[in-house]
Every structure is written in structure tokens, then in C-alpha cells.
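The following paragraphs lead through a protein structure, from its overall make-up to selected details. Please keep the sequence and the model in view while reading.

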Amino acid sequence: TRICIPKTKVYFNAIPAPSMVFPVTHIVTTASHIHRRLPRSDDTEKIVEIAMETLKKIMRHNLPELVDVTISKPQIISLDVSAKIKEPLVVDCFPTGRLVCMLDESAGILEDHRRELAYFEKSDLNLPSGLEMKDIVMVMTRCRDVTIRFQASQVLDGPVKMIVHDGTIVISSNIERYFPEISVKKAIISSKPNSFDPEKIARANAGVELFKVDKILTPDYIIDSGEYTSTLVKPKRYSSYKSDLPSTAGMKVTNTAALRNQLNSSSNAKEVRTA
């Protein structure tokens, strides 16, 4: 169709897209390269339904050109959205995951029971939203019998292959024995592939780039450096577990390759149920 030819002037009607639909802000209902005045569509709901389903199929291709369309070069990308795309692997990390590091105060990296890495965000936790980063790290690493469960889809390439499904990180309710002021939210379990906001892919890619160049915050540094504040009172008791890894209290950034090697080599060490 001529509408797709570069530099063709196109007239169209559009309506705002449903919220949180990346990278689309509007959905076209009628279009023409001839007529300036266009009729209103009689079946807008059907158009939106078909457009949304097609958009989901496009986003599953995880194309780099769609990570940030505001800076991408104008081009025509040909995709066969009718072909069945292999669904990404969904992992249910149970009974416990492990906090590897934080990337900033709102996102970090988890390790599942297979020692695969997953990108997560603070909003994925079933903890109160007012907790500081140091609070979260203490909860996830310093309480021996507190477990971490989550679901994630394998959609990325590189050292971090998974993205945690929105809201599925469940800190076990026995955390209240350590911190009585914490009341965990109801657990969310989502086994459907790609159960996260499409914009999360772009944030995950940016976070993985930080991980690759060692711009991370280790749990030891966050807790022991004195640089970060906590809203929690001293827990009733700490785990007697002491990390077998070298202390990183004086390190804000650590070598991720070394960290992964240390994690992999710790299989003979004492099992820790929480991080």
C-alpha cells in the first residue's frame, strides 16, 4: 500500500491507546493518503482489540529497533506476526531465590534455584512500598529461614536472561518474626509468559548493561557502608549464617564476572535458604 511508502502524506484518525502500552501512545482507526476528512469508525473496540493483539506479537520479537522508538531511525520493519512464536521459558523459582545485587534503589538482580539470573524491580516485591533499599536487602539476605519465590520469563540475552513477572516476588511471611513492623502483601503467582509491562524490557536491558560493566551495589556494601539509611528497627535475631564470599563492605562496585564465579563455586558451601 502507498501509505507505507516513505514521504507519503497520510491523514488518519486515532484514539489514545490503553495505558502502559509501550511503545504505542495512540491507535489509528482510519487512514488515507487521499482523503483529508475521514469518517469515524463504527467498531472502535474491535480495532483496538486487533491492534493490541498484533502489538503483543510484534513486541515478542524483542527487536532492538523498538526499545526506544523516539531515537530509532525511520524504517520499515517486516514481520510475520501470523506465524506462531515460541513462547519464552517461564521459571518458577521455588522454594527460594537469592539476591545477587542491586543496580540502583529501584531495581536489582536475583538468582533462581538453577543459578540463572533475573532482573527485578522494587515494585515486584510483596513488601511495603515505603521500605528503603537497605531495608529490602536486609530482609532478603540476613534472615536465614526467610524464602524468596518468584516467576520470570527468559526473554533476554547475555548474563541476565530473565525478567521477573510483575509483582511476583514473594518474601515468606515468617519475616515478621525478624521485623514485626513488616506486613507482607498477598502472594501473586503468574505462570503466563511475559507477565510484565512491555516497558520493563527496555529498563531491564539498561540494567543489564550496568551489570556487564560492574556498576552494581553488593548487599554487604549497602548494609555495612553506612551510606544508606534504614527505616527498620534492629531485628529480633539475625541469621547465624556468614557469607563464604569475600567481604565487599568497602566496595560499591564489584566485578560481576568474579561474583558469578563465586556464586557458582559455592555449591559445596552450607545451603542458605534466603539469599
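**From overall composition to a buried helix**

Of the 275 residues of the protein, 39% count as buried. The model is a predicted one, and its mean pLDDT is 80, with 73% of the residues reaching 70 or more.

The secondary structure consists of five helices and nine strands. Read from the N terminus, the elements follow the order β-β-α-β-β-β-β-α-β-β-β-α-α-α. Among contacts between residues at least 6 apart in sequence, 67% join residues at least 24 apart. The protein exposes about 15,700 Å², and 53% of this area is supplied by carbon and sulfur atoms.

How many of the nine residues of α2 are buried? Nine of the nine residues in this helix, which spans 133-141, are buried, so α2 is largely enclosed by the rest of the structure. The buried residues of α2 include Lys-134 and Asp-135, as well as Met-133, Met-138 and Met-140. Ile-136, Val-137, Val-139 and Thr-141 are also buried. Which elements do the buried residues of α2 pack against? Their partners are the strands β4 (98-102), β5, β7 (148-154) and β9 (170-171), together with helix α4 (219-224).

Asp-112 is found in the loop between β5 (107-111) and β6 (117-121). Is Asp-112 buried or exposed? Its relative accessibility is 3%, and because buried means under 20%, Asp-112 counts as buried. A polar atom of the Asp-112 side chain lies 2.8 Å from the backbone nitrogen of Arg-114. Leaving aside neighbours within four places in sequence, Asp-112 is in contact with Val-91, Cys-93, Phe-150 and Met-162.

A disulfide is a covalent bond between the sulfur atoms of two cysteines. How many disulfides does a search of the whole structure find? The search finds zero disulfides.

Conventions
Residues are numbered from 1 along each chain as its sequence is written. Side-chain values use heavy atoms; hydrogens and water are left out. Helices (H or I, at least four residues) and strands (E, at least two) are DSSP runs, numbered from the N terminus. Buried means under 20% relative accessible area, exposed over 50%, partly exposed in between (1.4 Å probe, protein chains only). A polar contact is a pair of N or O atoms within 3.5 Å; within protein, one must be able to donate a hydrogen and the other to accept it, and residues adjacent in sequence count only if both atoms are side-chain atoms. Contact means heavy atoms within 4.5 Å. A disulfide is a pair of cysteine sulfur atoms within 2.5 Å. Accessible areas come from the Shrake-Rupley method with a 1.4 Å probe; for residues, only the protein chains shown count as cover. pLDDT is the predictor's confidence in each residue, from 0 to 100.
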